[in-house]
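Here is a short briefing on charged side-chain pairs. Please look over the sequence and the model before reading on.

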Amino acid sequence: MADLMHDQAAGLRALFRRFPTQRVAFAGAMPGAGSTSLAVATAIEAARNGLRVTLIDEHQGAGSAIARLGLTSRIDLLQALNRDAPLSAVRIASQHGVAVVPAARLASSSRQLNRLQTEALDDALIELTRDTELLVIDCAVEEGLLSALARRADRLAVVTAASGASITAAYALIKRHLAGATPVGAGHVCPVHVGVSRARSVADARQAFASLNGVVSEHLGSALHWLGCLPVGYQRPVFSVAGDDALKIGRDLAEKLFVTREADKTGMLSALNEPRADHRSDRGGRAGELPARVA
């Protein structure tokens with residue numbers, strides 16, 4: 001078993017290193033949906049597999065990624081953009097092997113960035129990704145809009161609760177993203193992956209995803225990609241970074257997000273989104289449905 005885990009980790013490292021740094025933004029449709037838990041868990045599990053990982057945290061307070069990793073900082077990425085602090089002083093090393101960059105103040109100023117700050121942001125991302133294989137952005141959504149950092153991601157992972165209000169908010173966020181209000185780059189819109197939290201069952205989560213995907217497909221002409229089900233009834237353990245279940249989904253997400261990089265074709269992505277006959281039963285969770293708990 002140890003040899004198998006070592007082989008899987010080595011394979012994941014080799015696959016990531018065949019490509020430029022992957023930038024993945026996690027955004028919650030509504031507060032408390034679980035996007036921070038998944039962002040942190042994905043970063044930790046990727047680092048455990050030997051990848052060089054940087055996590056940009058756009059949140060503040062006890063529920064932020066920085067707080068969950070037991071870190072503190074008075075310096076924000078915005079200060080580096082304004083040349084008030086060197087970029088090297090912003091990045092913090094964590095005991096989990098993840099480098100963390102506080103960016104809450106930058107996120108709150110996202111829509112007021114001037115030309116010089118925008119250019120400095122692009123330069124900072126180039127520098128941050130120079131020695132990073134996976135860049136995770138825990139995005140702070142403001143009034144249904146992605147931050148300037150999240151708009152520069154290669155992939156967007158939206159986490160929505162299985163409720164009408166949350167799904168509606170997720171649709172609005174995705175609509176703005178796909179319509180070009182949050183452009184990622186000229187001629188390119190990053191794929192959108194969706195995880196459903198607070199679902200009473202896998203079937204309910206699948207139904208919520210199918211409903212959202214159907215509306216997006218019909219009205220926006222784009223297909224969403226299933227990330228997984230995060231069942232209801234879980235509270236993140238006190239003093240725990242994300243909880244064992246979140247770490248499990250983080251590992252699966254890191255692997256799945258890489259696989260979708262290897263061949264960016266709708267058919268291949270769709271295959272990843274569908275359950276297979278040889279998957280495990282719902283009791284233990286299907287490998288394609290990534291059962292986990294959410295804070």
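Is Arg130 buried, partly exposed or exposed? Arg130 is exposed, at 59% relative accessibility. The model is predicted. It holds nine salt bridges. Side chains of opposite charge can pair when their charged atoms come close.

**Arg130 and its partner**
- Arg130 forms a salt bridge with Glu127, with 3.1 Å between the closest N and O atoms.
- Glu127 is partly exposed, at 38% relative accessibility.

**A pair within helix α2**
- Arg48 and Glu45 join their side chains in a salt bridge of 2.8 Å, N to O.
- Both residues sit in helix α2, which spans residues 35-48.
- They are three residues apart, so about one helical turn separates them.
- Arg48 is exposed, with a relative accessible area of 54%.
- Glu45 is buried, at 5% relative accessibility.

**A pair between distant parts of the chain**
- Arg52 and Glu133 form a salt bridge, and their closest N and O atoms are 3.8 Å apart.
- This pair links distant parts of the chain, 81 residues apart.
- Arg52 lies in the loop between α2 and β2 (53-57).
- Glu133 lies in the loop between α7 (115-128) and β5 (134-138).
- Arg52 is partly exposed, at 41% relative accessibility.
- Glu133 is buried, with a relative accessible area of 6%.

**A network**
- Salt bridges also link Arg111, Glu142 and Glu143 in a network.

How values were computed. Residues numbered from 1 in each chain as written. Predicted model: local features only at pLDDT ≥ 70, side-chain atom pairs only at ≥ 80, totals over all residues. Heavy atoms only, no water. Salt bridge = Lys/Arg side-chain N within 4 Å of Asp/Glu carboxyl O. Helix = DSSP H or I, 4+ residues; strand = E, 2+ residues; numbered from the N terminus. Buried < 20%, exposed > 50% of the residue type's maximum accessible area, 1.4 Å probe, protein only.
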